[in-house]
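Keep the structure open beside you as you read.

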2 protein chains.
Amino acid sequence: MTYCVGLLLNEGMVLLSDTRTNAGLDNIATYRKMFVFEEPGERVIGILTAGSLSVTQTTMARLHEAIDDHEATSESSIMLAPTMLKVAEIVGNTLSSVRQDIDSKMEASKVSTAASMIVAGQRKGGAMRMFLIYPEGNFIEATEDTPYLQIGEHKYGKPILDRVVTPATSLDDARKAVLLSMDSTLRSNLSVGMPLDFAVIAKDACRVTTRRRIEKKDPDFARMSEAWSEALREGFTRIEI
Amino acid sequence: MTYCVGLLLNEGMVLLSDTRTNAGLDNIATYRKMFVFEEPGERVIGILTAGSLSVTQTTMARLHEAIDDHEATSESSIMLAPTMLKVAEIVGNTLSSVRQDIDSKMEASKVSTAASMIVAGQRKGGAMRMFLIYPEGNFIEATEDTPYLQIGEHKYGKPILDRVVTPATSLDDARKAVLLSMDSTLRSNLSVGMPLDFAVIAKDACRVTTRRRIEKKDPDFARMSEAWSEALREGFTRIEI
């Protein structure tokens, strides 16, 4: 499995993904699930992926190919698309067609080829937008009412987001929120694992303003995780019922 | 869906269930999912149910019938079974056979007949034991290492249990823990709903020592829920990262 989360806030967008993949419990590996496409100051697109690795890798490869193609058009390349909505459409169509290709080879076995993605970005002069692309290629968009999107193993990390994230949340608080959301998921589900990829796209910067890989033994993450456990236990003790 | 949780602690057992059932999102009802069988001082059995309502209701009806049968034996009646292990076996076999009966009628439609149960109890002179019965009738048992069992929509409420529950947890803290675990689930999943059924079986009492229905507008539960939100937000604010 996987856990990826994206927040769409007034101050910018925050993205976090884990890196664990597995083909059965006895075949575990580390793969990047966060991809950034940038023309700094002009256009930035962040993509998070979950699901069948062969599907997501092939989809990312085709998106790259379409960008590098000499005959790339605003209909085929996410770096030329005129709007973020068009970017979401291109990603959705690519994902859906890759999945169909692979599905047709997989009919005999019952291996799932489902995959989903979060696409977040901004073009110069446009608004920040964030989409969740479903395996079939259709998508939904983050809004003021629901300023976050999750893919993969989303349930363990949802309660903290529901409680603290609003569009007005600061980027610093947002970082804390996604890391704590990930921390709850890491504790409860073995198939989500460190290291983590973290990125911030500040509003109107049209580039990734912060990007960091958080390794397994990261002392800050360990300290935060411990402090949160302590805060939960303390809060738990204080509540009278 | 449903959320039910049982804790097996040194001081006793704590059970909590919601009451919401639904056949589609537009057909929601309230049904008890906690059932108690008692011969006070001699034997107590608590059963929590999740899954297909027709399967769990028929299973409970057959268990009652077997108890009331004049020819009831230690092989057929959970009130005569010599051990809690045998109780779990009888419940598992009944669940499995009911499911097969109903399955055979349901072949055409693709409605799921899966159902699972938590069975907790103690006989005079025996140990407290708690089992999770799978839809196929097999089961696992709560142990010192994992002193809680969950059925239904278990993910949202797991992080809090993982953090605070050990076999040494007091019954008061255990009550808090299961109610907060339920609170997180209620907030994140519409298919889990109030009122709640709560019960405590103190060690060696061989009867339900506390039993309470917590209604939708219960002021204590609302206060606890608010205090927990407050504690989370405070803890969140205090953490530096």
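## The second largest pocket

By class, the residues around the second largest pocket are six nonpolar, eight polar and two charged. Please keep in mind that this is a predicted model. The volume of the second largest pocket is about 300 Å³. It is lined by 16 residues, and those closest to its centre are A:Met1, A:Thr21, A:Asn22, A:Gly51 and A:Leu53.

Which elements of chain A each give at least two residues to this lining? They are β3 (20-22), β6 (43-51) and α1 (53-68) of chain A.

## The largest pocket

Now turn to chain B. How is empty space found at all? Rolling a probe the size of a water molecule over the atoms shows where such space is left. The largest pocket holds about 560 Å³ of space. Two or more of its lining residues come from each of β3 (20-22), β4 (28-30), β6 (43-51) and α1 (53-68) of chain B. Among these contributors, α1(B) has the largest share, with five residues.

In total, 28 residues line the largest pocket. If you want to find its centre, look for B:Thr21, B:Asn22, B:Gly51, B:Ser52 and B:Leu53, which lie nearest to it. The lining is made up of twelve nonpolar, 13 polar and three charged residues.

## Where the chains meet

How many residues of each chain take part in the contact between chain A and chain B? There are 36 from chain A, touching 36 from chain B. Together the two chains bury about 3,400 Å², and 62% of that area is on carbon and sulfur atoms.

Charged side chains pair up here too: six salt bridges are counted between chain A and chain B. You can look for a salt bridge between the side chains of B:Glu153 and A:Lys155, with a distance of 3.0 Å from N to O.

## Chain A's side of the interface

The largest share comes from α5(A), which gives 13 residues.

What classes of residue does this side of chain A contain? Its residues divide into 15 nonpolar, six polar and 15 charged.

Key. Residues are numbered from 1 along each chain as its sequence is written. Chains are lettered from A and ligands numbered from 1 in the order in which they are written. This is a predicted model: local features need pLDDT of at least 70, side-chain atom pairs count only at pLDDT 80 or more; totals for chains, interfaces and linings use all residues. Side-chain values use heavy atoms; hydrogens and water are left out. On a 1 Å grid over the protein atoms alone, a cavity is a set of points where a 1.4 Å probe fits but cannot get out, and a pocket is an open set with protein on both sides within 12 Å along at least five of seven lines; lining residues have an atom within 4 Å of a point. Grid points are joined across faces, edges and corners, and a volume is the space filled by probe spheres set on the points. Helices (H or I, at least four residues) and strands (E, at least two) are DSSP runs, numbered from the N terminus. Ala, Val, Leu, Ile, Met, Phe, Trp, Tyr, Cys and Pro count as nonpolar, Asp, Glu, Lys and Arg as charged, and the others, Gly among them, as polar. Contact means heavy atoms within 4.5 Å. Buried area is the accessible area (1.4 Å probe) that two parts lose on being put together, summed over both. A salt bridge is a side-chain nitrogen of Lys or Arg within 4 Å of a carboxyl oxygen of Asp or Glu.
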